[in-house]
Amino acid sequence: MTKILIVAEHAGGKLNAATAKCVTCASAIAGAQIDIAVFAANAGDVAAQAGALTGVKKVLKIENAANAEPLAAVLAPQVVALAANYTHVFGPSTTYGKDLMPRVAALLGVGQLSDIMAVESAYKFRRPVYAGNAIVTVEAPQDKKLVATVRAASFQAAATGGSAAIEAASVTVDLPVHTRFVERSAAATGRPDLQTAARVVSGGRALGSADNFKIIFSLADKLKAGVGASRAAVDSGYAANELQVGQTGKIISPELYVAVGISGAIQHLTGIKDARTIVAINKDSEAPIFEVADIGLVGDLFKVLPELEKALNG
Amino acid sequence: MSKILVGLKRVVDYNVRVRVKPDGTGVVTDGVKMSINPFDEIALEEALRIKEKGGATEVIVVSIGPADTQQQLRTGLAMGADRAILVQADAAVEPLAAAKVFLKLIEKEAPQIVLLGKQGIDDDNSQTGQMLAALWQRPQATFASKIELAGGKAKVTREVDAGLETIEVDLPAVFTTDLRLNEPRYVKLPDIMKAKKKPLDTVTLASLGLDTAPQFKTLKFEAPASRTKGIMVKDVGELVAALKQKGLV
């Protein structure tokens with residue numbers, strides 16, 4: 001029987017939406033029993049949110065002061081201890097899951113399948129390689145545990161309304177002390193999180209300066225959207241690193257993606273391929289972004305954006 | 001004698017538009033330019049800067065791949081690495097197997113620092129560094145954008161989804177590099193000449209006596225579904241109308 005353990009990602013008492021997407025991925029495996037593990041100092045709120053996801057049978061709380069921060073070296077041996085009862089161990093393909101899951105896999109002596117984008121069976125999956133320029137179908141060995149990460153952009157979040165059992169679990173393993181958390185700095189913007197936002201407005205090199213980039217924030221606020229940026233805009237210092245969308249930044253799948261002054265380098269397009277509707281505004285009618293845009297407008301962004309904001313007011 | 005071990009993977013150059021072979025057995029690599037994986041180049045640059053600041057005495061570049069991988073190792077030597085080791089493997093090696101190979105070399109070389117790219121731009125797995133740290137039972141600092149060394153420890157700023165995270169790790173440790181850690185230097189012609197005289201040892205994968213058999217079977221390669229070209233609008237009024245029609249505003 002297929003038993004899948006999903007390692008929850010959370011911060012500040014909130015379950016990350018990528019976890020609900022892992023549940024959807026796991027639910028695509030016929031007959032799978034799905035449990036979620038929450039590692040935290042206090043797992044209460046997060047465990048309740050995880051238990052509300054449809055399709056989840058059981059939530060395991062592993063509460064320990066050492067689990068207050070998500071350090072892969074500390075969490076991995078605990079995941080390994082729980083994994084004994086499961087055939088599959090999934091985590092999100094976020095920086096959290098990418099850091100943790102390979103460490104889990106190696107401790108289990110197995111390989112890892114990264115970035116599941118589609119499920120064909122319990123041991124057969126599709127995943128992107130070469131920055132999404134090729135899709136491979138991969139078969140994993142059935143006589144080994146399967147450790148995998150799930151590409152959040154490929155799955156919808158599981159619905160809420162479920163009521164899984166929540167249990168405290170204890171694991172008795174030695175935790176390393178060679179890795180210590182120091183601090184985290186994230187700009188509190190009040191805007192929707194780029195990775196999970198339903199709408200995203202992104203700016204590119206054409207914005208020309210950090211000051212000009214403010215019109216991207218302004219349009220985003222008008223649309224209640226998250227803000228993204230191309231690698232060129234980030235490298236030029238117009239926008240913060242964590243806003244970068246693309247192969248080497250974040251891969252996102254919003255309902256609406258508005259690309260402003262972004263030419264559309266392959267590495268950027270890789271990050272937005274799964275967006276439902278792409279709108280491109282660029283003064284160069286030959287820009288590759290128009291090849292993938294659902295709605296394209298050739299024009300000067302410094303004229304178009306104020307007009308657009310005004311039109312959205314009306 | 002403090003050593004840094006750097007992994008260099010030979011990959012299809014990042015400027016090449018990768019195409020899937022018509023028979024679905026792989027991607028086209030015949031006659032395609034091969035280069036050092038860009039994240040690994042950043043790893044090497046960081047190692048060289050650490051050495052130049054007196055934080056290490058020797059930088060060793062290591063690659064696992066076919067004989068032609070010597071080209072990428074020579075480039076690494078021209079950038080400034082002191083010596084190179086090629087673990088010759090003609091078939092593709094999965095990340096867990098690569099981690100086992102690195103561990104084997106670590107046992108021999110006893111480095112304080114192992115620097116790898118955060119992912120290969122071919123398989124996009126992002127696994128080897130974390131797996132190596134697990135097998136070695138040492139710390140990992142992945143997606144590093146800043147590394148500060150002091151007193152047998154490293155303070156590392158990591159690029160995470162929420163922003164930046166700083167952790168402290170005891171050495172020895174494994175570091176994987178993100179894009180903004182540094183900008184790799186250009187190789188100068190005299191350095192290419194000098195690199196030809198630097199030691200490059202080749203060992204075969206089989207001679208290491210490790211279980212490196214692949215666990216996964218790739219059944220087929222396909223080109224991704226392409227997006228259909230949309231409509232062009234001529235002004236903001238039409239844009240808003242089109243968005244309204246789709247129920248997006």
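Guide: Asp99(A), Pro102(A), Arg103(A), Ala105(A), Ala106(A) and Leu107(A) in H4(A) meet Gln130(B), Met131(B), Ala133(B), Ala134(B) and Leu135(B) in H4(B). Contact means C-beta atoms, placed from the backbone, within 7 Å; helices (H or I, at least four residues) and strands (E, at least two) are DSSP runs numbered from the N terminus.

Visitor: How do the residues of that contact divide into nonpolar, polar and charged?
Guide: Eight are nonpolar, one is polar and two are charged.

Visitor: Before going on, what are the ground rules here?
Guide: This is a predicted model, where local features need pLDDT of at least 70, side-chain atom pairs count only at pLDDT 80 or more, and totals for chains, interfaces and linings use all residues. Residues are numbered from 1 along each chain as its sequence is written, while chains are lettered from A and ligands numbered from 1 in the order written.

Visitor: What are the ipTM and pTM?
Guide: ipTM is 0.95 and pTM is 0.92. Chain B has a mean pLDDT (confidence per residue, 0 to 100) of 96, and 100% of its residues reach 70 or more.

Visitor: Other topic: is Asp300(A) buried or exposed?
Guide: Exposed, because Asp300(A) has 12 C-beta neighbours inside 10 Å; 20 or more is buried, 12 or fewer exposed, and in between partly exposed.

Visitor: Where does Asp300(A) lie?
Guide: In the loop between strand E18 (295-298) and helix H9 (301-313) of chain A.

Conventions: pLDDT is the predictor's confidence in each residue, from 0 to 100. Two residues are in contact if their C-beta atoms, placed from the backbone, lie within 7 Å. Ala, Val, Leu, Ile, Met, Phe, Trp, Tyr, Cys and Pro count as nonpolar, Asp, Glu, Lys and Arg as charged, and the others, Gly among them, as polar.
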